[in-house]
Amino acid sequence: MPDPNGFLRYPRRVPARRPVPVRISDWREVYPPAGEELIREQATRCMDCGIPFCHSDTAGCPLGNRIPDWNDLVRTGNWDAAVESLHATNNFPEFTGRLCPAPCEAACVLGIAGGDPVTIKQVEVEIADAATARGLTPSPSATPSGRSVAVVGSGPAGLAAAQQLARAGHAVTVYERDDTPGGLLRYGIPDFKLEKRHVDARLAQLTAEGVVFRTGVNVGVDVTAAQLRAQHDAVLLACGALQGRDTDTPGRHLRGVHQAMAHLVAANRVVAAAGAGRPVLATLPDGTPIDAADKHVVIIGGGDTAADCLGVAHRQGAAGVHQLDLYPRPPQARDEERDPWPTWPWILREYAAHEEGGERVFAVAVQEFVDDGTGAVRAVRIAEVTVEKRDGRRILTPVPGTERELPADLVLLAIGFEGTEEQPLLTQFGVTRNARGAIDSRADWQTEADGVFVAGDMHRGASLIVWAIAEGRAAAAAIHGYLGGVGTLPAPVHAAAQPLAV
């Protein structure tokens with residue numbers, strides 16, 4: 001039984017972040033490990049509610065993580081059972097515990113009427129790290145099914161599906177066009193949020209379980225869809241949603257104006273190379289340098305990707321950073337009329353990078369990228385704006401007399417994604433992007449091409465890592481059934497599932 005008074009005896013607490021002057025001098029994770037006493041105290045705040053909204057697939061966790069169960073196991077010091085309970089529903093809790101924005105916490109019953117929810121993410125991380133410290137044990141090999149599956153893409157959706165299918169006895173090959181597996185986990189997420197040793201540990205576990213990784217293989221170019229279908233009994237497309245949203249603002253063509261992901265990928269490659277003793281410069285694929293050192297940086301966007309760029313700019317030694325957000329400054333706490341519990345609230349989200357420096361500017365839009373006379377950006381001209389929606393469209397109205405310039409040597413566009421990229425494999429497999437740039441599926445996760453399945457951001461558009469893993473697990477269950485596998489695999493979400501919204 002849970003402690004019914006735990007939330008009354010203990011306030012919400014998380015470990016203190018590493019000091020700013022220390023952490024911006026390296027690329028290590030911002031949060032240090034929490035002590036066992038703190039984590040057991042925080043787990044004690046969980047009430048084991050009669051209806052645990054925290055693991056509802058519409059309001060909380062789409063994976064159906066047994067949050068009250070493992071909270072109580074941590075409270076009582078039963079760490080081995082907590083590890084088992086956590087991994088029963090989540091292949092990679094060390095990823096979600098670090099990267100997911102935690103809809104489970106927004107749906108925690110303690111959050112009703114402005115209360116402080118349980119620190120679910122922090123407890124999850126500590127359980128996952130305890131498992132890693134013990135050594136990630138490969139699951140026992142199942143009887144080989146004699147069936148083969150190709151997984152295209154090695155992000156969280158692809159990796160989750162690959163592990164589930166391999167554990168069911170299928171021969172799984174993961175195809176990745178980058179030089180190392182991991183997808184966005186590898187080159188899209190900065191190390192100060194996710195050190196790559198966590199990714200490497202899971203890849204080693206998957207390899208030990210029989211998953212084969214083929215890197216540097218661009219499906220549709222280096223190997224055709226026809227070849228893949230001839231070699232495998234089923235194919236899962238899990239290529240992500242990497243088509244960055246762009247802008248037609250005057251001056252977009254100037255040197256120094258880039259998509260945010262180009263900057264993040266280049267920075268991650270530098271960090272990876274330095275860790276391997278191979279220092280390299282941060283460059284774009286064409287060799288163009290892209291580094292914030294000694295530059296005035298302007299980041300356009302207010303979400304996770306923008307905050308990642310902010311943290312990278314600090315560590316690269318930017319001269320100054322402005323982060324621009326189109327919308328007004330959000331409130332500090334949930335507005336119950338606008339976002340009633342347990343929906344995801346629109347509130348001001350302060351990331352660790354904001355504590356490190358830079359200036360956030362709200363309710364503004366860029367009117368022009370200003371040329372320095374040589375074809376490079378020297379400033380952005382902004383104006384305050386009002387935003388309203390009409391017939392489903394967003395209408396921006398500049399406020400007269402509010403225009404001003406901000407110095408800018410490097411501009412990063414972090415304004416969202418437009419779905420999966422147009423690429424040869426789509427045509428070769430005979431699948432098409434929908435109006436959102438994603439790939440539709442039937443209820444059984446198959447695309448319009450029989451035997452070709454889809455999951456993750458490629459299917460639902462840019463979303464949360466927890467949804468990617470959930471979709472990977474569900475698609476694996478569908479593929480297992482398609483191949484005539486014995487028994488069933490867990491399917492936490494259905495193909496049309498959407499989070500609760502108002």
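This is a predicted model: local features need pLDDT of at least 70, side-chain atom pairs count only at pLDDT 80 or more; totals for chains, interfaces and linings use all residues.

1. In helix H4, which spans residues 67-75, the buried residues are Ile-67, Pro-68, Trp-70, Asn-71 and Val-74. An α-helix has 3.6 residues a turn, so residues three or four places apart point the same way. The cover over the buried residues of H4 includes helix H3 (36-44) and helix H5 (79-87), along with helix H7 (103-106) and helix H8 (120-134). After H4 comes Gly-77, which has a positive phi, near 80°.

2. Five strands form an open sheet with parallel pairing, in the order E5-E13-E6-E7-E8. Its edges are strand E5 (257-259) and strand E8 (359-362), each of which pairs on one side only. On average, and with direction ignored, neighbouring strands of this sheet are turned by 20° against each other.

3. Within the sheet, strand E6 (residues 296-300) runs parallel to strand E7 (residues 320-325), and five bridges join the two. His-296 has Gly-320 in E7 as its bridge partner.

4. Two helices that pack on the sheet deserve a look. Helix H13 (residues 260-275) touches E5 and strand E13 (410-413), and its direction makes about 75° with that of E5. Helix H14 (residues 304-316), which also packs on the sheet, touches E6, E7 and E13, and the direction of H14 makes about 175° with that of E7.

Key. Residues are numbered from 1 along each chain as its sequence is written. Side-chain values use heavy atoms; hydrogens and water are left out. Buried means under 20% relative accessible area, exposed over 50%, partly exposed in between (1.4 Å probe, protein chains only). Helices (H or I, at least four residues) and strands (E, at least two) are DSSP runs, numbered from the N terminus. Contact means heavy atoms within 4.5 Å. Two strands pair if DSSP finds at least two bridges between them. Axes are lines fitted to C-alpha atoms, for helices over the stretch in contact, and angles run from 0 to 180 degrees between N-to-C directions.
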